[in-house]
Amino acid sequence: MKELLDQINEISKYGLIKNLNEENKEKNLVKNLVKIYNSYFQIEYEFDENDYPEFEKTELLNIRENIESNFPKFGFYKIANEISEIENESENLIGDSIDDLTDIIFDLQETKWRTENTSENDAKWFYKFTFETHTKNHLINLLNYINQIK
């Protein structure tokens with residue numbers, strides 16, 4: 001779990017600290033996004049049936065603004081709506097790389113909060129569940145975006 005928390009901290013700093021002074025921010029972000037993705041396959045847990053208090057997202061202020069200060073080149077991008085429909089031209093959707101990283105950080109911060117305020121198994125369960133249902137799409141889209149803007 002310590003390794004996952006280290007990765008969470010490495011990614012989250014871009015949303016928690018404005019104008020972070022760090023060389024190779026994009027490279028470091030990509031490296032840790034890949035580590036977070038890999039952690040999904042490594043994490044095992046036993047379901048914790050206890051009833052815990054809810055995480056308050058309102059405690060995380062200015063994440064989007066901080067990300068904008070740390071990655072001023074990040075912006076909008078297009079995504080094909082139905083990538084598997086080769087014969088039909090599908091409509092494009094608009095993605096937002098800053099929103100992707102914001103959502104990733106929110107999800108990771110809740111995982112971290114759960115390690116500190118609920119139980120390790122609850123945190124691991126939440127990480128796996130939210131990664132599969134939410135974080136993974138944002139992460140894949142963000143990695144693709146960063147690769148495309150180089």
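Contact here means that heavy atoms lie within 4.5 Å of each other. In this predicted model, and leaving aside its neighbours within four places in sequence, I11 is in contact with L29, N32, L33, I36, L101, I104, I105 and L108. I11 also belongs to the largest nonpolar core, a set of 30 residues, and takes part in the contact of helix α1 with helix α2.

**Packing of α1 against α2**

- The axes of helix α1 (residues 2-16) and helix α2 (residues 25-42) come within 9 Å and cross at roughly 145°, and the crossing in which α1 passes α2 is left-handed.
- On the α1 side the contact is made by L4, Q7, I8, E10, I11, K13 and Y14, while α2 contributes K25, N28, L29, N32, L33, K35, I36 and S39.
- Sorted by class, this contact of α1 with α2 holds seven nonpolar, four polar and four charged residues.

**The largest nonpolar core**

- Within this core of 30 residues, those that touch the most other members are I11, L29, I36, F74, L101, Y127 and L142.
- Two or more residues come from each of α1, α2, α3 (63-70), α4 (97-117) and α5 (120-149), and α4 gives the most, with seven residues.
- In soluble globular proteins, nonpolar side chains tend to be buried together.

- K136, which is found in helix α5, counts as buried because its relative accessibility is 18%, and the cut-off for buried is under 20%.
- Not counting residues up to four places away in sequence, K136 touches Y37 and F131.

Definitions and conventions
Residues are numbered from 1 along each chain as its sequence is written. This is a predicted model: local features need pLDDT of at least 70, side-chain atom pairs count only at pLDDT 80 or more; totals for chains, interfaces and linings use all residues. Side-chain values use heavy atoms; hydrogens and water are left out. Axes are lines fitted to C-alpha atoms, for helices over the stretch in contact, and angles run from 0 to 180 degrees between N-to-C directions. Helices (H or I, at least four residues) and strands (E, at least two) are DSSP runs, numbered from the N terminus. A crossing is left-handed if the near helix is turned anticlockwise from the far one by less than a right angle, and right-handed if clockwise. Ala, Val, Leu, Ile, Met, Phe, Trp, Tyr, Cys and Pro count as nonpolar, Asp, Glu, Lys and Arg as charged, and the others, Gly among them, as polar. A nonpolar core is a set of buried Ala, Val, Leu, Ile, Met, Phe, Trp, Tyr and Cys residues joined through side-chain atoms within 4.5 Å. Buried means under 20% relative accessible area, exposed over 50%, partly exposed in between (1.4 Å probe, protein chains only).
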